[in-house]
Amino acid sequence: LPKRWKKFDQAAASLKESLKIEETLKNESETGTRLNNLGRVYFMMNSYDTALVYFNKALAIHRNLQDKDQIALAYNNIGKVFLAQKNYKNAEKYLLSALQIYSDLGLEAEKATVMANLGDISMASGNYGKSILMLDSSTIIAEKLNLRNQLQQNYLSYSNYYSDKKDYRQSLEYFMKYTEIKDSVFNKEVLSQLSDFQVRYETEKKENEITL
């Protein structure tokens, strides 16, 4: 749920109802997914402590199920919370754990996301050399796989990096790339997905109620 939609309360309420259904049905995997999504909503609301609670609950479930990719996702999300809280030591610990799992599983797109997050840690810590290396590694994968959302984030990071270095020409070039991709990502198709979000949720809810 992108921040510009700003329907956080509605999203949280819908997810909590869905979570209750999955818990009643004892669908552990889906319960973990709902917990993770709730964590994401609260993260975007800047309610970091609440987000951390949901991410850790999701992590516990996926550890029990031994879902490695979902464990890595939880690690990544927990790392992002610590990054937002400027707890860089813990943020790096969780993100490196996520990167290791994704590398073992050969999940390149997910690696690109984690490396970009590690780059943010290095940038925030003032280690610009390490930051740009991580950002470059992430961008190589993102360009190869045409990961437009990741490229959007990376180009903005490059723009900020070069602005800090007072290389305003490079900063502007990357900001223009960021703007171009941003406009293409948030297109009519995505807007239509938002408009039918409630319809899809109600359909899923009814199907689960029938199962119950």
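The crossing of α7 and α8 is left-handed, a term used when the near helix is turned anticlockwise from the far one by less than a right angle. The model is a predicted one, in which local features need pLDDT of at least 70 and side-chain atom pairs count only at pLDDT 80 or more, while totals for chains, interfaces and linings use all residues. Residues are numbered from 1 along each chain as its sequence is written, and side-chain values use heavy atoms, with hydrogens and water left out.

Two packed helices are described by the angle between their axes and the distance between the axes. Here the axes of helix α7 (residues 128-145) and helix α8 (residues 148-164) come within 10 Å and cross at roughly 150°, the axes being lines fitted to C-alpha atoms over the stretch in contact, with angles that run from 0 to 180 degrees between N-to-C directions. That angle makes α7 roughly antiparallel to α8, a label for angles over 145 degrees.

The protein as a whole has eleven helices and zero strands, where helices (H or I, at least four residues) and strands (E, at least two) are DSSP runs numbered from the N terminus. Of its 212 residues, 41% count as buried, which means under 20% relative accessible area, whereas exposed means over 50% and partly exposed lies in between (1.4 Å probe, protein chains only).

Side chains of opposite charge can pair when their charged atoms come close. The whole structure holds five salt bridges, each a side-chain nitrogen of Lys or Arg within 4 Å of a carboxyl oxygen of Asp or Glu. In one of them, Glu 30 and Arg 34 meet at 2.9 Å, N to O, and because they are four residues apart in helix α2 (residues 28-44), about one helical turn separates them. Glu 30 is partly exposed at 34% relative accessibility, while Arg 34 is buried at 8%.

Lys 130 and Glu 92 form another salt bridge, at 3.0 Å, N to O. This pair links distant parts of the chain, since Lys 130 lies in helix α7 and Glu 92 in helix α5 (residues 88-105), 38 residues apart.

Phe 175 belongs to helix α9 (residues 168-185) and is partly exposed, with a relative accessible area of 38%.

Conventions
Parallel < 35°, antiparallel > 145°, perpendicular 65-115°, else oblique.
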